[in-house]
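Work through the following exercises with the sequence and coordinates at hand. Each task is followed by a solution in steps.

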Amino acid sequence: MGLKLLGCVLVIGASTMMGYLVAEKYSKRPAELRTLQAALQMLELEIAFSVNALPEAFERIAQSLPENIGMLFAHSSELLKERTGIPAKKAWRLALKKAYDHLHLEKQDREILITFGNSLGCSDKDNQIKNIHLACSKLAMEEKKAEVLRQKNEKMYKSLGVLAGILIALLFV
Amino acid sequence: MIVANEKRLGISTFQKEILWNLSQDVRNIIKKISVKRLEAAEEIRLKTGKPLMLYDNMAGWFVGSQGNLSEDEKNAYIVKQDDIDQSLEIMSNSSVYAVQDELKNGFITIQGGHRVGLTGKVVMNKERVSVIKDISAMNIRISKQIIGAADDVMKHIMRDENSLWNTLIISPPQCGKTTMLRDIARQLSYGIKAYGFTGKKVGIVDERSEIAGCYKGVPQNDVGPRTDVLDACPKAYGMTMMIRSMSPDVIITDEIGMEQDISALRQVFNAGVKIITSVHGYSREDILSRPVLRDLLAENMFEKVIILSKSRGTGTIEEVLDSGE
């Protein structure tokens, strides 16, 4: 009997956790999209007012961001500081590849970031700022959609996890 | 002759400031050139589809892919467009927007005060250069500060222990006038013990970033402890700004010649601030033949006029004209 009980607890526990993990994807994505917008606004200030070059600007932005999104900027900065002559676009893409696994973004979010990166650094101030604004508005749109999805799905997956666990446990008993 | 006192760019400085700004392929070739040759280098030239070249004070050399220098272009390394693109990415820190204003003037200044000249296709916008694109050639001009370049000229500039003459330096191109101005700034700023001359507050208006060689606003050349630099500022604005903001004893600026420069100079004279400046030219007569500058000399604002040439090495003082005494 004791063993059965332990099994039930384990099954319910595992299933609950899975539910929470799936829910997490929905709950974290809007927050990350918000942070990304904030980061791009910081970049706008760095470009428009401080006129700092990208390696320096990225480093400063990375310092004021949570680690997972900060990594995107920190890694780009490191790559550019190596002075191998890679364009900012390439450094950004490589950094995005590295940071992507630590983020809860969807494919369309990544597309926005890649498109944004393509014009990174290679034009004058005005066009850089336009590019940032464009990326920000696209991210804001995704954030709105993501927020709706979160409200719809977060609770559902959490309770689904618990309930499915109980169901399995009952079937076994 | 100045060359004897030349402060050579040490090889480690060369690596940090020059080598690391070049594309990887070119970097690896330049690395193979002997230290002695590199330390004497004055220019490195890259041109798409043309041989890589290195200029020293004697001649221009074609650089082979093993770092061998020769007068024969046969074995030279041919520069690729990629080399230029990569070098530009590095020099601008992959941030064109940060150097866009410099790009309009056709050059960027890199750490160490070295100047990189660029040519390519010029895009105009309302009669002004908006950007240079498709850059296909670059010339890295290695700047070397020559401590003591102004040693011979200082005694002409100093009036007594505490004051100096308004001085105009007339010099043909490549005769070391900027080098001389830089050293004048340094010596005036430190003061000269041998003459009992006390240090002066010096204001440099460095329109083309050549005198102080600023990188991110910080002079890369030693221009003295009492020297303030307005980097990349048009001379006409800069001179009046400097007077108002930093109360200098003397203003140093390079290559005057425009109408507005002259009226700014008058303001400096009227403010009782001394001025040391230079102008392109070969002789006093040459300057007198140019309408804008003629007035300036006629007004006798400059108490000393120093004419440079290359006749006994770069920076030879050919003639000193006195109108102050």
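**Exercise 1.** Into which domains is chain B divided?

Solution. The model is a predicted one. Chain B splits into domain 1, residues 3-141, and domain 2, residues 151-322. Taken over C-alpha atoms, the centres of these two domains of chain B are 29 Å apart.

**Exercise 2.** Describe the contact between the two domains of chain B by residue count and class.

Solution. Start with the counts: domain 1 of chain B contributes 7 residues, and domain 2 of chain B contributes 9. Then sort the domain 1 side by class: 2 residues are nonpolar, 4 polar and 1 charged.

**Exercise 3.** Characterise the contact between chain A and chain B, with attention to the chain B side.

Solution. Chain A supplies 19 residues and chain B supplies 15. On the chain B side, the elements giving two or more residues are helix H4 (81-91) and helix H5 (96-104) of chain B. By class, this side of chain B holds 6 nonpolar, 8 polar and 1 charged residues.

**Exercise 4.** Determine how helices H4 and H5 of chain A are arranged, and list the residues that meet.

Solution. Step one is the geometry: the axes of H4(A), residues 88-100, and H5(A), residues 107-118, come within 8 Å and cross at roughly 160°. Angles over 145 degrees count as roughly antiparallel, so H4(A) is roughly antiparallel to H5(A). Step two is the handedness: H4(A) passes H5(A) in a right-handed crossing. Step three is the residues: A:Lys89, A:Trp92, A:Arg93, A:Leu96 and A:Tyr100 of H4(A) meet A:Arg110, A:Leu113, A:Ile114, A:Gly117 and A:Asn118 of H5(A). Sorted by class, this contact has 5 nonpolar, 2 polar and 3 charged residues.

Note on methods:
Residues are numbered from 1 along each chain as its sequence is written. Chains are lettered from A and ligands numbered from 1 in the order in which they are written. This is a predicted model: local features need pLDDT of at least 70, side-chain atom pairs count only at pLDDT 80 or more; totals for chains, interfaces and linings use all residues. Domain bounds come from an automatic or database domain assignment. Two residues are in contact if their C-beta atoms, placed from the backbone, lie within 7 Å. Ala, Val, Leu, Ile, Met, Phe, Trp, Tyr, Cys and Pro count as nonpolar, Asp, Glu, Lys and Arg as charged, and the others, Gly among them, as polar. Helices (H or I, at least four residues) and strands (E, at least two) are DSSP runs, numbered from the N terminus. Axes are lines fitted to C-alpha atoms, for helices over the stretch in contact, and angles run from 0 to 180 degrees between N-to-C directions. Angles under 35 degrees count as roughly parallel, over 145 as roughly antiparallel, 65 to 115 as roughly perpendicular and the rest as oblique. A crossing is left-handed if the near helix is turned anticlockwise from the far one by less than a right angle, and right-handed if clockwise.
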